[in-house]
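This report describes how two chains meet in a predicted model. The structure is shown below.

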Number of protein chains: 2
Amino acid sequence: MPYLLGIDVGTSSTKSELFNLEGESVAVAQKEYPIISPNVGYAEEDPENGWWQALQDTVKAVLKTSKIDPREILGVCVSGTNACVAVDREGKAIINAIMQLDNRSVGYAEKIREAVGWERVFEITGNRIASGTFLAPTILWIKENMPKVFEKTYKFMVPTGFITMKLTGKYTIDLSRCSTTLLYKIGREKGWSHELCKILGIPVEKLPEAYISKEVVGEVTDEASKLTGLAKGTPVVAGCMDTVGAAVGSAVLEKGDAFYTLGTLGRFCYCMDEPKFDIRFINICHAVEERWLAMALMQGGGLSMKWYRDELASYAVEKAKVSGKPAYQLIDEEAEEATVGSRGIIFLPYLSGEKSPIWDPYARGVLFGFTAMHKRGEIARAVMEGVAYSLRHNIEVFEEAGFSVQKIRMGGGGAKSRLWRKIIADVTGKAVEVTKMLATETFGDALIAGLGVKVYRSLGEVKEMVEVEEELEPDTINHRRYSEIFKVYKNLYMHLKEDFLELSKIGF
Amino acid sequence: MPYLLGIDVGTSSTKSELFNLEGESVAVAQKEYPIISPNVGYAEEDPENGWWQALQDTVKAVLKTSKIDPREILGVCVSGTNACVAVDREGKAIINAIMQLDNRSVGYAEKIREAVGWERVFEITGNRIASGTFLAPTILWIKENMPKVFEKTYKFMVPTGFITMKLTGKYTIDLSRCSTTLLYKIGREKGWSHELCKILGIPVEKLPEAYISKEVVGEVTDEASKLTGLAKGTPVVAGCMDTVGAAVGSAVLEKGDAFYTLGTLGRFCYCMDEPKFDIRFINICHAVEERWLAMALMQGGGLSMKWYRDELASYAVEKAKVSGKPAYQLIDEEAEEATVGSRGIIFLPYLSGEKSPIWDPYARGVLFGFTAMHKRGEIARAVMEGVAYSLRHNIEVFEEAGFSVQKIRMGGGGAKSRLWRKIIADVTGKAVEVTKMLATETFGDALIAGLGVKVYRSLGEVKEMVEVEEELEPDTINHRRYSEIFKVYKNLYMHLKEDFLELSKIGF
């Protein structure tokens, strides 16, 4: 019986999941590794003992659990988070990977702005200049601060490409991750930008060869076979950005398809069939030809609810221990008692600054409008509503830019909450379809591998694999009410913008 | 052995406390009664079965506990909250008392503004036009909405005067409570304003006779003696506003003396020896001749911390049950771990609107500036700091108006927290003296009774009765840091002012 293997290299763990061709999960394994922070603001991981070891362990676990013959795996696809890995000619990471959370290259984003100008960078790469999210500032940091490492680096890679290299021996990067280097032309004409590389002093030779996600770039080597248990010769595709995996796993493949992942962070992706870029979003090549994704990155999502649970709703954590119900469910039950708009409490979910659409690293969380009469369930509901407003804020910008959003496919851990789903639909005024599978990265990876090895021959076939669990229509009355409150929500940020900055100026 | 009896008629309970002439509490009793709310925004109490019954019960309890001969009580003084009591010629309340929390007369404040103008009202009464806090709008409400009650009313009284009348048979009001009628001239020249009474259509005859707080207005009647156990003929002074009792009980009697009561609400009082009024404060006649108090009323105080405890810090409430430590102490312990400025969290304590100095009924609570890294102890500390900023905000206005504040005498339940005391000193930059007695109303009442019956013959003698438990000097470095944050605190309100109003406009 044939299978496909999806692997997601995340920030805190790697997950390997085996699917049969009907899209059913057959076995799954996950292994965590630590974020290493040698200095304040630094966030590193160990590509060898962290990611590569986790990959070996989880793949072996999956093979063991499923008891399948590894030769039945038709293809492998690795997706992943963003990080900069300096790799030598022997395929070894020279230093720890510098993760996208790492702050050290903030000043180098500024240098790129000065050297090239944001307009020209946007023209070439379709994206804004931002550190962490994009690779170029980190490469420049290495060049200036670790010149010997820079010199010794054969290729600057991303986690996906690094793991794919470990499996196949090929130094590659896929087009979705090319899109987050800030060095690649992502429009109809593709390729590394020699202009940018020259201005920034990054030799093009130090960048890996680029492939579309679904393209088979190599086969599992003898050595990798021994380490992982995969069959030698198993085809491996170029892989993709984690969000692209999730997009495919949610069947967001045609123009106008949109999906929202309510994970720790929030991600809203909109599928385009032409390279029509807006600078307020992250624009990337999709896993298939002639498709692009415009992404809105929201820093507050499940993160907001997790913080609320841990710092303000300890009652739920305690009660969960005795009741057997998860704390989030207990919080939901109280939030359900609250009414639309939480009697005037508005939550700004900028607990870690905000990216799309305001791009303000100084923004912070705000709980606005409570009175002595408010109950904690109303605060919980306000947190959910605030996260929904931040999504609507982005959708509004999409629509202003001419992208029409009809309905939203929703996944991520936050989608487990039926109340939150409903709030998302009512706040945005869009129909929401919750996918049966909530974590769709590895599923999407498997589908991409399937496209690569031609198990699936069309996007239509892929779309049929994705099942929807629930469809919600927005309630008109609630939506009208939320629209009034949403105006206040937007004003709050405008009115507090300089106070956020001031906090940073006085040293917080 | 001689004693003095202080009685405070509060919003939720009446407290009777017996003191010996050394100022030691000999016996105390307290009895609660409910707030009655027949309509949204209404807040009433039953003067007969509530206050008067509670007075009888608590006085009897005090006499029983102390086992003293009632004839040893040299004098009685009643202080109290504000409310409007319509009383007939038989000394009976015709309807329930309308409490200062009651919102029904908001529109009548507007009518006074239109009919007289705020400047003229300020000129005559030394105060701003506000409903609830002042009696006149409520009297007008009764006149227009309950004309028969208005007609039948012999005197419009306040709780203090009502209880004093029950004890003595005399219909009186003291000068501090005259000050909160908005119908009385409180400067050097005193008396009911015939001008205002005429314009507003309130017959002066319906207002009680006014006396300075410490003046003996009558003696306990035979009937009252039977009901309370007090000796017939015991002298009763005119009584005072609760805050005036607290001022005397904190020895705030000379020009420049200032005190801060951190109770459910916050009160800052500044003693003046001339009638120099600023419209941002409540200006009242003190309990002694040639003294006035300027009062700043802060809606958030202990109320903020209580709300935090009940809605956001349930862990402390739960832990208190098993640890035996009060929840507030557990919260304090976590807040002590946080650093000055709570790493940028700023709390606006407007959980019930705000009075001084911004006078904005639409203002609401705000928690500003948290990130995913913040811990709950930092939120608790931010709540304390926010309350301290609101005090500093008022002190700043006092100093702008030319009142120099040297040090602050502090009392109220919030002063139990050593951390909060310290924060108050560091935020304001003023020395803080915490009185040994934290609830000083009944103690002050007893001292006023003592002045009235000439047990004490000078203010100096009264001042010597008040003991200070702890003196705190502000820390210069912390104060400088808080001064930077305080600027942001003030800006937050300015920046959010219209959003508060907008919430109310959209129906919250």
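## Polar contacts and the contributing elements

Between chain A and chain B, 24 residue pairs are in polar contact, both residues being at pLDDT 80 or more. On the side of chain A that touches chain B, at least two residues each come from α11 (302-312), α12 (314-323), β20 (346-348), β21 (365-370), α14 (376-400) and α18 (476-505) of chain A. The greatest contribution to that side is from α18(A), which provides 13 residues. By residue class, the side of chain A that touches chain B consists of 23 nonpolar, ten polar and ten charged residues.

## Salt bridges

Two salt bridges are counted between chain A and chain B. In a salt bridge between B:Lys375 and A:Glu311, the side chains meet at 3.2 Å, N to O.

## Strand pairing across the interface

β21(A) pairs with strand β21 (residues 365-370) of chain B in the antiparallel sense, over five bridges. Within this pairing, A:Phe368 stands opposite B:Val366 in β21(B).

## Extent of the interface

The size of an interface is often expressed as the accessible area lost when the parts come together. For chain A and chain B, the buried area is about 3,900 Å², and carbon and sulfur atoms give 64% of it. A:Trp307, A:Phe370 and A:Phe508 supply 17% of the area that chain A buries against chain B, more than any other three residues.

In terms of residues, the contact takes 43 from chain A and 43 from chain B.

Methods
Residues are numbered from 1 along each chain as its sequence is written. Chains are lettered from A and ligands numbered from 1 in the order in which they are written. This is a predicted model: local features need pLDDT of at least 70, side-chain atom pairs count only at pLDDT 80 or more; totals for chains, interfaces and linings use all residues. Side-chain values use heavy atoms; hydrogens and water are left out. Contact means heavy atoms within 4.5 Å. Buried area is the accessible area (1.4 Å probe) that two parts lose on being put together, summed over both. A salt bridge is a side-chain nitrogen of Lys or Arg within 4 Å of a carboxyl oxygen of Asp or Glu. A polar contact is a pair of N or O atoms within 3.5 Å; within protein, one must be able to donate a hydrogen and the other to accept it, and residues adjacent in sequence count only if both atoms are side-chain atoms. Helices (H or I, at least four residues) and strands (E, at least two) are DSSP runs, numbered from the N terminus. Ala, Val, Leu, Ile, Met, Phe, Trp, Tyr, Cys and Pro count as nonpolar, Asp, Glu, Lys and Arg as charged, and the others, Gly among them, as polar. Two strands pair if DSSP finds at least two bridges between them.
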